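This report is a first look at one protein structure. Please view the sequence and the model below, then read on.

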Amino acid sequence: MVFGQTRWSSFVRACLLISLSWLPSAADSIAQTGSQFPGGILERQATNTRARWSSSFIQSFVPSRRGAFTFPAPYNTRAVRITEAADCGGADCVAYVGYSYWRNTNAHEASNTMWIFIGLMASRGGSGPTLFQYDKTTDAITKVGPLFPASSKFFSNTGEGWYFSASRPNKLYINDGTKLLRYDVVSKQSDTVFDIGTRYGSNRYIWQMHSSNDDLVHSASVRDGSTGQTLGCVVYNETTASFSYFPRTQNLDECHIDKSGRYLLLLEQLDSHVLLENIIIDLQTGARQTVYNAMGHHEMGFGYVIGGDGWNALPNAMITRSFTPTFISTGPVVFYNRDWSSSVLNHVSHLNARPGVPMNQQFACGSNADRSAVQNEIICTKLDTSYQQLVVAPVMTSLDAAGGCCAGDYSKTPKGNLDITGRYFVWTTNLGTNRLDAFLVKVPSHLLVGNDVTSPAAPKNLRIE
């Protein structure tokens with residue numbers, strides 16, 4: 001009997017191995033991922049820098065028309081130019097992407113194409129907020145057209161603060177005075193998510209909105225319609241059709257719901273120190289805690305936040321702070337610079353956050369621009385203490401070049417954002433010229449985290465132990 005079981009077990013295993021021989025091996029899958037998302041530099045943080053490229057060298061490999069290209073060594077990553085001079089009649093009309101935590105790309109996991117929206121300022125020769133389509137298979141980029149007709153009140157908007165839904169592929173969140181709208185980029189129809197006008201007064205408007213990844217909980221700053229002063233923060237729960245309001249204590253800068261929709265982060269100035277306070281509120285229990293002189297630039301995950309630690313001895317250190325299971329727990333440093341001369345991940349993006357996945361198995365990416373001789377780069381870091389960084393591509397921005405109108409250095413800094421899979425990063429750069437343009441780069445995140453659940457675009461591998 002034992003002999004028979006052994007033979008049967010061997011037979012089954014042999015059949016399984018034969019069957020699995022038709023599937024790609026782990027090595028094959030990684031190779032496929034490497035061919036689809038090539039290049040990248042994996043290195044230890046705070047060890048290497050690269051010299052800044054000249055504008056003339058950048059012009060030698062970046063196409064003048066929209067389309068795909070490959071960054072030269074040592075990056076070797078694949079990128080796509082989204083906008084071109086013809087989009088603005090040769091003028092400088094491209095608005096900087098809104099910010100690292102407002103998604104310019106849609107929930108495209110189930111599709112071979114991706115929507116991208118970019119603001120082409122109508123006042124400077126553009127077509128207003130404009131939709132582009134990216135083919136993930138061929139890397140082809142197509143300008144679909146303006147999201148609104150010239151007669152629309154939204155036509156003159158730059159699109160700053162607007163963002164794609166994390167669960168509804170065609171839906172874009174936009175603000176309209178007292179209302180948060182969900183706008184369908186295909187049908188061009190919108191529905192009202194909430195309206196604070198009847199509850200908090202018509203002389204109010206919402207600003208800096210955020211939504212949970214399931215699209216059920218939303219937050220927004222509430223501002224005075226006459227003075228523009230931030231009065232408080234509103235949270236709306238679609239499931240219960242209920243509002244919660246948190247008035248400012250002293251000087252409220254902004255508020256931000258986490259991706260689970262449970263935790264609210266308020267950034268407010270409560271003392272004389274230059275750093276802002278972080279007020280974290282558990283919307284389920286009502287528990288509230290204040291962390292003084294804490295994070296300013298930040299990004300939210302599922303029950304945690306990533307941001308700069310202004311008191312850390314390491315140069316421009318970035319830490320995590322978890323809201324569960326202990327309210328509140330400060331995590332370790334996950335990123336730091338080589339020196340204090342620049343802030344590499346000044347604008348961190350974690351729009352690829354995944355529920356149910358430990359934070360230390362996830363990653364975030366960021367960017368910045370300065371006037372040093374060192375190359376400014378798009379860099380990703382795992383949210384653990386491995387201190388490995390993935391260098392994706394150069395930012396290609398010169399703060400002294402003319403391109404990037406209307407807000408000085410701020411409009412020129414990339415402030416790029418990740419897509420929902422963590423495989424694509426969109427940003428704006430002036431290429432050292434007199435106009436700003438939008439680009440997309442493919443992030444070889446498998447080098448940093450492997451082909452795991454944090455990257456749904458990566459293949460899953462089946463193994464027999």
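In this predicted model, the structure holds 3 cavities of 30 Å³ or more. The largest cavity contains about 150 Å³ of space. Its lining is made up of 19 residues, and those nearest the centre are Tyr101, Arg103, Tyr163, Ser211 and Leu351. Three strands each supply at least two residues of the lining of this cavity: strand 7 (163-164), strand 11 (204-211) and strand 15 (251-257).

The protein has 465 residues, and 54% of them count as buried. It contains 6 helices and 29 strands. Among contacts with a separation of 6 or more, 53% join residues 24 or more positions apart.

In soluble globular proteins, nonpolar side chains tend to be buried together. The largest nonpolar core in this model has 40 residues, and Phe71, Trp427 and Val441 touch the most other members. Strand 26 (residues 388-394) gives this core its largest share, 4 residues. Apart from neighbours within four places in sequence, the contacts of Val441 include Phe71, Ile378, Val392 and Trp427. Val441 is also in contact with Thr77, Arg78 and Arg423, among others. A second, separate core has 20 residues, including Ile82, Cys93, Tyr96 and Ile116.

Strand 4 (residues 113-120) is largely enclosed by the rest of the structure, because 7 of its 8 residues are buried. Strand 4 pairs with strand 5 (residues 128-135) in the antiparallel sense, over 8 bridges. Within this pairing, Trp115 has Gln133 of strand 5 as its bridge partner.

Several loop residues can be located in turn. Ser111 sits in the loop between strand 3 (78-81) and strand 4. Its relative accessibility is 30%, so Ser111 counts as partly exposed. Thr47 lies in the loop between strand 1 (41-44) and helix 3 (55-61). With a relative accessible area of 37%, Thr47 is partly exposed.

The peptide bond from Ala73 to Pro74 is cis, and its omega is near 10°. Pro74 belongs to the loop between strand 2 (67-70) and strand 3.

Tyr387 is a residue other than glycine with a positive phi, near 55°. Tyr387 is placed in the loop between strand 25 (377-382) and strand 26. Is Tyr387 buried or exposed? At 17% relative accessibility it lies under the 20% limit, so Tyr387 counts as buried.

Cys406 likewise is not glycine and has a positive phi, near 85°. The loop that holds Cys406 runs between strand 26 and helix 5 (409-412). The relative accessibility of Cys406 is 63%, over the 50% limit, so Cys406 counts as exposed.

Technical notes. Residues are numbered from 1 along each chain as its sequence is written. This is a predicted model: local features need pLDDT of at least 70, side-chain atom pairs count only at pLDDT 80 or more; totals for chains, interfaces and linings use all residues. Side-chain values use heavy atoms; hydrogens and water are left out. Buried means under 20% relative accessible area, exposed over 50%, partly exposed in between (1.4 Å probe, protein chains only). Two strands pair if DSSP finds at least two bridges between them. A nonpolar core is a set of buried Ala, Val, Leu, Ile, Met, Phe, Trp, Tyr and Cys residues joined through side-chain atoms within 4.5 Å. Contact means heavy atoms within 4.5 Å. On a 1 Å grid over the protein atoms alone, a cavity is a set of points where a 1.4 Å probe fits but cannot get out, and a pocket is an open set with protein on both sides within 12 Å along at least five of seven lines; lining residues have an atom within 4 Å of a point. Grid points are joined across faces, edges and corners, and a volume is the space filled by probe spheres set on the points.
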